[in-house]
Amino acid sequence: MIGKLVRHIELDAIGIVVDHFVYSEWEGGYKVKFLKPVPHENLSSGFIEQMIGAASNFEEVTNESR
């Protein structure tokens, strides 16, 4: 999965998977670097550039024309 384009479902942000991990027998997650910084009001910088999250929060991008 490393190198694949994914979209964070809630943030609607597209990024590249730079790492993956398994934290239980059934669940795993990704470290994703977003293509563009994502605005976020709860951070001092105001933007998210990368994220570590459960794989279920992302979907693979197969045909993106943005």
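Is Tyr-23 buried, exposed or partly exposed? In this predicted model, Tyr-23 counts as partly exposed, at 46% relative accessibility, where buried means under 20% relative accessible area, exposed over 50% and partly exposed in between (1.4 Å probe, protein chains only). The model is predicted, and local features need pLDDT of at least 70, side-chain atom pairs count only at pLDDT 80 or more, and totals for chains, interfaces and linings use all residues. Residues are numbered from 1 along each chain as its sequence is written, and side-chain values use heavy atoms, with hydrogens and water left out.

Phe-21 is likewise partly exposed, with a relative accessible area of 29%. Two aromatic pairs are counted, a pair being rings of Phe, Tyr and Trp (its six-membered ring) with centres within 6.5 Å. The ring centres of Phe-21 and Tyr-23 lie 5.9 Å apart with planes at 40°, so this pair is tilted; planes under 30 degrees apart count as stacked, over 60 as edge-to-face and the rest as tilted.

The protein chain contains five strands and zero helices, these being DSSP runs (strands E, at least two residues; helices H or I, at least four). Its radius of gyration is 12 Å, close to the 11 Å given by the globule rule for 66 residues, so the chain is as compact as a globular protein of that length. The radius is taken over C-alpha atoms, and the rule is 2.2 Å times the number of residues to the power 0.38. Along the principal axes, the C-alpha atoms fill a box of roughly 35 × 30 × 20 Å. Buried residues make up 29% of the 66 residues.
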